[in-house]
Amino acid sequence: MTTPHVYPKGCTFTSLDQIKDKKITIMGLGLNGGGEASVRFFLKHGAFVTVTDMKTREQLLPTIEAIEEDEALDKSRLTYVLGEHRIEDFKNADCVIKNPGVRFEGNQYLEAAKAVETDLSIFLYFTKAPIIAVTGSKGKSSTVSAIHYGLKECGFNAFLGGNITVSPLTFLEETSKETPVVLELSSWQLRDLRGRGVLKPHIAIITKIVPDHQNFYGSMDSYVEDKRLIYRDQTADDYTLLDADDDGYERESENALSESSHSFTRWGDLFASETKAKVLRYSSSTLAQEVCGVFQKKEEKEINGYVRLNAGEPEEKIIGSLLVPGPHNRINVLNAALVLRLMGVESSKIINVMASWRGIPHRLERFYDYALQPSENGNKRLAIFYNDSASTVPEAAAAASQSFGTRIVLICGGTDKQLDFMPLARTLHGECGTEFVPQKIYLLSGTGTEKLTSMLDDMHVEYTGPFDSLEVLLTVLKEDLETSCDSNLLLPIVFSPGATSFGMFTNEFDRGNKFKEAVQKIFA
């Protein structure tokens, strides 16, 4: 395991005024807004900005055009170095603003820099806002979006940023002690905060932990080590919200994480033993009377959510019926409801607010209905398309396949990032107690798909594909739907890749948008 870099405590700048006339190198412009936000922020504060990216101008053109069209920016202070990195741009800079996807360790450019910051480290140092921080492997984006929606609906002037593709530098100067900020934090973003002492969330949430980014980390120990930074600097006045359900916790070596970690069987139990904050747990089933947090109970035909903030107190109903599908989404909303309760919102109001949340793009997003031929008795039939492109791990695709209370058509597959596809294969086969095995499976090409098809072949699970393009896959799907004799009146068709998108698409958001465009064109 590579020893992670520890950054100096504090920030390179002690006031925003110090930025004026400083030489800033921004490493990674990108297409998702983080680099662009940094360019705008440092130009606004009077810095000389050099943007360097291994991508070419043509590849970065949408971001470059957005900057160039902004007449409020002094672009005479802006220089682009594209298609390469030059060591002098790092050595001569007063500060380098780093892209979280670039590993510091062993990087000659970053190691040559006088100081390295990120948009998050700058934001966290200067903001006075109460921070609600969320990390984990599954459900981060849905959780932060539900929290932000709930806060806004309850009258808070709240902001949302971080890994959800909104840089917090875009709203830094609008924040105050009265404006809660919800941050989605990836393990890479947390890694870039190690040692700085700037992340002190009032509420920290770690969603379900499953293997992820093993091509970057090489082990679960290293991956989880970064996740634990979310509560490192919390105090007894803060809250840490942790999973109470079984999650396949395994310590990989005798020296991993901590000497005492062998006594735990859940990641949430390990985290709870370390945080200084008040621990609250979340669960898909009833919590013991002495455990505080949120949990679900099945009552008649509904599954409702309840909260208990203090041991021994009676629970309060906090969520009822929801618009978003899936048991995993119910947990995400349950955590959002708990945050609202900790922020002082009454449970009765939370029930109504959360009942109206419609979810977010690329996470089981219902976006298109297609009328199929009527059934033999004349009933109308619909194919309902869902975009779940943000599903980038096999477990997420497995969960999506079980989210609709019926057998779906599943579209999955993509690039491998050194993950185990067996959980998805077993779900598609039905050998792990799967209640709703997909009716049909269509596969996109990729190295992850190759691993999955090998498993499906061994299990004798039928699939169609793999296909090298969405358009060809959807054309075949349309032909199959039009000749099908299936009698279901509502047929969910779910694009949940369970893998990354590199090679065929820019990222999972580009993949989701192209899927929606292709569906609307082919099924028009």
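On a 1 Å grid over the protein atoms alone, a cavity is a set of points where a 1.4 Å probe fits but cannot get out, and lining residues have an atom within 4 Å of a point. A volume is the space filled by probe spheres set on the points, which are joined across faces, edges and corners. This is a predicted model, in which local features need pLDDT of at least 70 and side-chain atom pairs count only at pLDDT 80 or more, while totals for chains, interfaces and linings use all residues. Residues are numbered from 1 along each chain as its sequence is written, and side-chain values use heavy atoms, with hydrogens and water left out.

The whole structure holds 3 cavities of 30 Å³ or more. The largest cavity has a volume of about 70 Å³. It is lined by 12 residues, of which Lys98, Val102, Phe104, Arg191 and Asp192 are the closest to its centre. This lining has 6 nonpolar, 1 polar and 5 charged residues (Ala, Val, Leu, Ile, Met, Phe, Trp, Tyr, Cys and Pro count as nonpolar, Asp, Glu, Lys and Arg as charged, and the others, Gly among them, as polar).

A pocket, by contrast, is an open set with protein on both sides within 12 Å along at least five of seven lines. The second largest pocket has a volume of about 330 Å³. Among its 14 lining residues, Ile303, Gly326, Pro327, Arg330 and Ser403 are the closest to its centre. By class, the lining of this pocket divides into 7 nonpolar, 5 polar and 2 charged residues.
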